[in-house]
Amino acid sequence: MAIKLESKIPDGPVEQAWDKHRFDMKLVNPANKRKYSVIVVGSGLAGGAASATLAELGYNVSCFCYQDSPRRAHSIAAQGGINAAKNYQNDGDSIHRLFYDTVKGGDYRAREANVHRLAQISVNIIDQAVAMGVPFAREYGGTLANRSFGGAQVSRTFYARGQTGQQLLLGAYQALERQIGLGKVKMYPRHEMLDLIVIDGRARGIVTRDMVTGKVASHVADAVVLGTGGYGNVFYLSTNAKGCNVTSIWRAYKKGAALANPCYTQIHPTCIPVSGDHQSKLTLMSESLRNDGRIWVPLKKGDTRRPDQIPEAERDYYLERKYPRFGNLVPRDVASRNAKQVCDEGRGVGETGLGVYLDFADAIKRLTEGGVRERYGNLFDMYERITDENPYKVPMRIFPAIHYTMGGTWVDYNLMSTLPGLHVIGEANFSDHGANRLGASALMQGLADGYFILPYTIGDYLARTKLDKITPDHPECKKVEAEVNGQTKKLLGIGGKRTVDSFHRELGKLLWEKCGMARNKAGLTEAIEKIPSIREEFWQNVKVLGGGEELNQSLEKAGRVADFLEFGELMCRDALHREESCGGHFREEYQTPEGEALRNDDDFAYVAAWEYAGEGKAPILNKEALEFHAVHLTQRSYK
Amino acid sequence: MNIKLHVWRQKNGADAGKIVDYDAPDISPDMSFLEMLDVVNERLITKGEDPIAFDHDCREGICGMCGMMINGTPHGPRKATTACQLHMRSFKDGDEIWIEPWRASAFPVVKDLVVNRGAFDRIIAAGGFVSVPAGSPPDGNAIPVPKMNADLAMDAAACIGCGACVAACPNGSAMLFTSAKVAHLARLPQGQPERDTRALRMVNQMDAEGFGGCTNVGECEAACPKEITLENIALMNRDYIKATAVYRKERAGGD
Amino acid sequence: MTAIAAPRFLQSTVGKKVVMAVTGIILFGFTIVHMLGNLQIYLGPAKFNAYAHFLKSVPSLLWGTRAILFISVLLHVVTAVQLTALAGAARPRAYSFRRWRSASYASRTMMLSGPLLALFVVYHLLHFTTGQAHPHFIKQDAYWNFVTGFKVVWTAVAYVVCMLALGLHLIHGAYSASQSLGLRTARTAPVFKLVAYAITIVLVAANISMPIAVQAGVIKLHVPTEVPPVVVGVR
């Protein structure tokens, strides 16, 4: 049974789509809103903002997060900034330009209408955040400061030091706490969603495990919203927080919500290289470093001299050489792939040979050390803390790392999945970034979804849908609870020999090698063969100690890794089927003679939405064709 | 490196708990403190012993989830560094390390090193916000903010809510945390309409949660991984005193 | 849960600290005046006794001051006890291992120096004001009481120790008051610190000098009216 992908994109010119759609949507009478309840899973920029806004509108909201407080969601770690088409700098920015840049940056694999809406709303987000007291950087005259970021030719990025994500999240968190205080949101911290409840073909609730008491319980509502972030941790090592996982969208997938473009994973070029096997996560440094740092490697292979002993003539500033127009500011995927390439050539630096220099010597000459400290002081401090090297004296070493995942649950223009009633927002959905996300756009999308899109579209869904009243005693709830309890029991009962982390590392390593920065048919086929055997061993040989009715961090991890072991295979399948290179998905077989990504618009200008076909069956591919009216497809070129 | 650990183990809130000693041989100086605990836990699991529960998430010093007393100071010996950003090179081969949870009645122990910091959320819920629903606020540049004020607000807003200040304070006081939010919003024009009630509500909630009073010893400032300063506490005291002086009952019929 | 907006000043930890600060400043002010008055001991019995008589000459002033001081001490002590109880309740279990990073010795010992000072005040009143603790008390002769009191070695030592405790208490207390009253900013903090240290050091030094001077014989019981005999052979 193939699902029907109805994108619900409004007819007519893309510039008017959102306005028209807002008028066409049905409204819930203000007095009736309090009769509806909504479950929001996740409390980051998308989930937190959505919870607060829905509550402000009058809905009864239950919000769930696995952390001990909603303030800790991983949006908090975003450093660089948030884009908005304000044109405050008078440098020629406009909504259309942000829209255009985002579609192009996404390598023409995003929906035009979604991206245009995002660009339109970007300006409201800044206004909203300012009004909430987000301490954005200011000019001396008191106006908002901007910087150019991640390859943009205009300065449209708003920032709060290197902690923009933190400040925007705290803004949403404070709005959320206000609603909690007013009793409009019931907050469930340290609760993990373990399954979705579907009744009469509609998402009506979730089953959660209280991570402190271990109690498994059902929560029901009129609609369910997932804002649970990305799946980058499938690679084990990523810049994501340790707890980030795919469980919620994977469970939803198994209940009928198609997963789109899982192979679109973003690699961030400026991370601190791995130091050893003990490594538990990778640390990203803001891409803004590329504004002033120069990236280079030695010209010669295996040059082990200290960087300061390598003369200028024997250095290869490869990005500046290959892309004279953009230089060190090429998009993330281009920067990352080039780093991999020079390391593959044996010109990588550092003990592992997996690293390139990011050198601030010129910037220090130009701006003085104080000037550099002013701009990047906190990042330099962080680098020194981790590596024990002083980046004011020695060039930084950087290497790409998994950072963001563009793929996610397929959603229509209303942010609703193929499962009616289930809405998916923020990084968890697939929507706005296509095959590659531009810098400073993640915060924009999360907040756009949470503050300004979902609150309208969910009203339309509720107003148009007749929903029976249900309680957590519904037989379906009990059935799903029993399944969840069954899985817990199973995991605790295996009594094998290997730790959960050892399986996670094994899976991650395989995926990083076969489905990481560059992919090919042979490698992906191999991974697709290997993953089931890791999965099989996991279910026979994993060792999870302790009980289900207590705080049990091994058990939590085990459940997440079990889902990664299934999801990883789908990701590889998607990567294998997409026989082109686009954005974060680089297939070695498909490149231009200069080694650039080679898209195949004739055959692959579509969204690949994978549908669950049942245990042990190959997933079904559904295609949503992408149409471009406002922008012309071009080969990206940053030469 | 070989390290000897003395770790607080407590099964749950009802358990009495005790210090348990562990040997941690072959530790790399490049490991973060939490990676060292990961390794210890992997070994414990392999031996069939319950791993040490500790809170952590982003591991890059911004989420505020991790936090434990390391050799008698919150987040360990390095200035302006969270436990996840502390590296084992800060210790020497043969060192003994004492690890305990935050201790405060307002932060009850959940298990081992994991505590419940819900009190902080309730303090924010009491008034740590600007009441402006999503909608049509004025243009961002319609509210000019002097750069200095924006910078000072940002200094205070950098708080990650980890609880180190409470853990460090000999009185278990939450003044640094509470004042950081009061000061962040007090420094900005957007925070002015609710400035007085915010100070009153947040301090009232802070007291209701059972935190102790401030005796201005400065341990919180020294322990804060984000270097929030005592100046914020003075500002909150000032606001609280003023708010008390000018307080009037809300009029009926108000929102 | 809706937080109460109504101020509960005296119940709040912030309000209690204001009480500590205000009463502390009153008491600090008193110690300064008290010190300045006592320094007249160096001017001889006539001046000193005249000063003592003057203090008692206006009963309303005397009893007014005493009432303010008594209320201040009472509030200071009661609030300190309350705050200590709150702190104890806030951390019922101490750390097994603790290392201080910045807390000064003075700040950590306020609840030792404080009670010691309270005991000292009681003893001091019994010693010099009412005389029960003074072996040679003469009601109208403050100078006599002063010198004979401090001639006792252990008394002099006890006074010196208590004055050092007072110094510790004031150094933290005076500076802390500026914080509790919200007067501290990045700019004023060093000023308050300097003032607190300077006044405290002068105060303690002056106070300590008096028992030492008695012990050293600089302040003597009978100051001869004639020119003192020339000491022979020193030059």
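Student: What is the area buried between chain A and chain B, and how much of it do carbon and sulfur atoms give?

Tutor: In this predicted model, about 6100 Å² is buried between the two chains, chain A and chain B, with carbon and sulfur atoms giving 51%. Within the share that chain A buries against chain B, A:Arg72, A:His278 and A:Arg385 supply 12%, more than any other three residues.

Student: Why is the pair B:Arg89 and A:Asp388 called a salt bridge?

Tutor: The closest N and O atoms of B:Arg89 and A:Asp388 are 3.8 Å apart. A salt bridge requires a side-chain nitrogen of Lys or Arg within 4 Å of a carboxyl oxygen of Asp or Glu, so the pair qualifies. Between chain A and chain B the count is 8 salt bridges, alongside 49 residue pairs in polar contact.

Student: Which helix gives the most to the side of chain A that touches chain B?

Tutor: That helix is H6(A), with 8 residues. Helices H3 (45-57) and H10 (361-387) of chain A are among those that each supply at least two residues. By class, this side of chain A has 24 nonpolar, 26 polar and 21 charged residues.

How values were computed. Residues numbered from 1 in each chain as written. Chains lettered and ligands numbered in written order. Predicted model: local features only at pLDDT ≥ 70, side-chain atom pairs only at ≥ 80, totals over all residues. Heavy atoms only, no water. Buried area = accessible area lost by both parts, 1.4 Å probe. Polar contact = N/O pair within 3.5 Å; in protein donor to acceptor, adjacent residues only side chain to side chain. Helix = DSSP H or I, 4+ residues; strand = E, 2+ residues; numbered from the N terminus. Nonpolar A, V, L, I, M, F, W, Y, C, P; charged D, E, K, R; others polar.
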